[in-house]
Amino acid sequence: MALLEVTDVHTYYGNIHALKGISISVAEGEIVSLIGGNGAGKTTTLRTISGLLRPQHGSVTLNGEDLHQYKAHQLVSKGIAMVPEGRGVFARLSVAENLEMGAYHRNDKDGIADDLKRAYALFPRLDERKTQVAGTLSGGEQQMLAMARAMMSRPTLLLLDEPSMGLAPVLVELIFSTIADINKEGTTILLVEQNAHMALQVAHRGYVLQTGEIVLQDSAKNLQRNAMVQKAYLGID
Amino acid sequence: MSQRFKDIDYIDLLLWLFRAVIIIIVIWGTVAKIFLGRGNAYTADDWIDFFVSGLSQGSLYALIALGYTLVYGVLFMINFAHGEFFMSGTMTATVFVALPLSASGFLDEHPIIGMLAIMLTAMLISIGVAVLTERVAYRPLRRAPRLVPLITAIGASFFWQYFFRGLYGSSLVPFPELAVLQGKYNLFGIEILKTRAVVVVASVVMLVGLYFFVMRTKTGKAIRAVAEDKDVAALMGIDVDRTIAITFATGAAMAGAAGVLYGLVFRQVHFFMGFVPGIKAFTAAVLGGIGSIPGAALGGLFLGVIEAVGPPLFLEGLGIPGGHQLKDVIAFTMLVLVLIFRPQGIIGERLAEKKA
């Protein structure tokens with residue numbers, strides 16, 4: 001059985017039918033990538049999984065447990081962490097306080113301290129700036145902070161929403177190699193990206209989303225060779 | 001050069017004129033008072049007295065202003081029922097705790113325990129009223145347009161006023177006088193009314209305590225996180241509804257304590273006592289920069305001092321009789337001035353686009 005199972009999910013924004021029956025499964029240890037253009041429903045999918053949105057129809061299960069009996073804030077202790085679109089760091093909290101908020105649901109002081117050390121080891125830049133308020137960090141540093149903060153909850157499933165958005169190419173490389181590292185240490189990842197090129201390089205499998213529907217799903221290697229994906233998302237004619 | 005003049009429209013000009021007139025009036029009045037000796041002749045002790053009474057009144061404003069600022073910080077809503085949180089705790093504590101304790105003589109035998117009991121009761125009742133109001137009246141409107149909770153808050157304010165009028169009647173209830181707080185302290189040769197000194201010290205302790213709570217504790221950090229982004233806070237595992245309720249409770253606790261201190265100074269409480277201090281504290285919060293905790297403290301103290309020192313200083317200097325009755329005019333003129341010329345307040349930051 002897959003770790004995350006999204007089955008025939010329909011989500012509405014008011015009257016707008018944003019997700020029209022989406023089914024995704026993510027097995028433990030995988031990196032699965034969700035690619036698609038603007039307004040395809042990528043972010044909506046992640047927000048539905050993380051509990052910020054309620055689906056009208058369909059189910060989302062983690063390890064077989066239905067997630068929508070819980071509120072968004074309760075899902076963190078179920079093992080889901082999300083790095084929201086636009087990073088969502090708390091601009092007026094310090095770097096250290098942001099990381100502390102990532103571990104909000106935990107009470108094991110020693111474990112939190114260990115994870116804090118790990119986060120600083122993963123991103124030494126954050127260590128240098130831990131007393132600085134997060135709003136003064138650069139875009140790349142904020143992305144690192146958002147990822148480190150999500151990892152502070154010790155998630156089994158990490159949802160990443162456009163981690164490469166607005167970053168310089170060097171930083172995009174760094175972020176994606178970190179994603180691969182985090183995955184190797186045992187965290188399952190569901191990645192939403194416009195940068196299909198990078199996303200399919202790091203992912204094991206991928207789904208292509210168009211106007212609220214899954215139009216294609218395959219291994220990342222096959223998707224990279226798929227003519228439609230090449231034309232629409234990889235810029236290859 | 002002509003281009004520069006073209007960019008100035010007549011509203012700007014009018015506002016500049018308005019500002020200049022106010023400044024000239026204040027300076028003129030002050031100069032007339034100090035150098036020409038208009039109005040009553042005050043001794044140095046009198047001025048110190050004005051200042052200290054302003055400080056104690058201002059620290060009450062500061063305590064109440066915190067509630068406005070905290071709630072505004074997380075919900076971007078002006079909770080106009082906050083004055084009633086202030087009133088409800090004190091009214092209840094006076095009727096059910098202070099008067100019986102005073103009648104039995106316990107309050108004079110053990111003034112500290114007695115006062116703590118009164119304060120604790122007031123704070124708990126205020127918290128109860130605040131949490132109930134938030135749960136019943138505000139939470140269902142969390143996603144409504146911003147005008148809706150504002151109007152609801154005004155309705156809630158009336159509801160609580162007349163609810164407590166129904167409970168305790170519309171007459172003034174005397175707040176007991178403590179024997180130990182009669183008279184004055186002598187501080188480096190300066191005579192200070194004991195009640196005023198107690199008010200200032202208690203307020204400062206609570207302000208510092210609250211600042212520590214919000215900046216250092218996990219719950220305080222969660223409040224700040226919720227203030228910035230509720231969705232992301234929820235993704236961190238923060239229970240947003242609970243955190244907002246805690247924010248209301250914190251502000252109400254401060255208001256409840258301020259109510260008891262108000263009782264100590266003015267020695268009477270009644271169902272309408274929350275209205276004017278509530279509006280004044282709102283003014284103080286805006287003055288300091290709404291959303292900012294040090295701003296609320298500073299705005300409160302500043303407003304209190306200006307209200308107390310302003311009338312004898314520049315109003316008397318202008319030859320205006322009965323200046324003290326015009327202290328509300330000073331307070332609200334300042335509110336208007338701040339809203340026109342520095343809407344972010346003394347130390348507030350400009351609102352980010354998201355919040356504006």
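User: Within what distance do the axes of helix H4 and helix H7 of chain B come, and at roughly what angle do they cross?

Analyst: Happy to. A word on the ground rules: this is a predicted model, where local features need pLDDT of at least 70, side-chain atom pairs count only at pLDDT 80 or more, and totals for chains, interfaces and linings use all residues. Residues are numbered from 1 along each chain as its sequence is written, while chains are lettered from A and ligands numbered from 1 in the order in which they are written.

Now to your pair. The axes of H4(B), residues 82-103, and H7(B), residues 147-168, come within 9 Å and cross at roughly 15°. Helices here are DSSP runs of H or I with at least four residues, numbered from the N terminus; axes are lines fitted to C-alpha atoms over the stretch in contact, with angles from 0 to 180 degrees between N-to-C directions. H4(B) and H7(B) are therefore roughly parallel to each other (angles under 35 degrees count as such). Their crossing is left-handed, meaning that the near helix is turned anticlockwise from the far one by less than a right angle.

On the H4(B) side, the contact is made by Gly83(B), Glu84(B), Met87(B), Ser88(B), Met91(B) and Val95(B). H7(B) answers with Ser157(B), Trp160(B), Gln161(B), Phe164(B) and Tyr168(B). Residues are in contact if their C-beta atoms, placed from the backbone, lie within 7 Å. By class, this contact has six nonpolar, four polar and one charged residues (Ala, Val, Leu, Ile, Met, Phe, Trp, Tyr, Cys and Pro are nonpolar, Asp, Glu, Lys and Arg charged, and the others, Gly among them, polar).

Chain B also meets chain A, in a contact that takes 15 residues from chain B and 20 residues from chain A. Helix H9 (218-228) and helix H10 (230-235) of chain B each give two or more residues to the chain B side, and H9(B) has the largest share, five residues. That side divides into eight nonpolar, one polar and six charged residues.

Over in chain A, the domain assignment, automatic or from a database, gives domain 1 (1-79 + 155-237) and domain 2 (89-154). Their C-alpha centres lie 23 Å apart, and twelve residues of domain 1 are in contact with ten residues of domain 2. H7(A) supplies the largest share of the domain 1 side, four residues. The domain 1 side holds nine nonpolar, three polar and no charged residues. Just after H7(A), Gly186(A) takes a positive phi of about 110°.

Conventions: Angles under 35 degrees count as roughly parallel, over 145 as roughly antiparallel, 65 to 115 as roughly perpendicular and the rest as oblique. Two residues are in contact if their C-beta atoms, placed from the backbone, lie within 7 Å.
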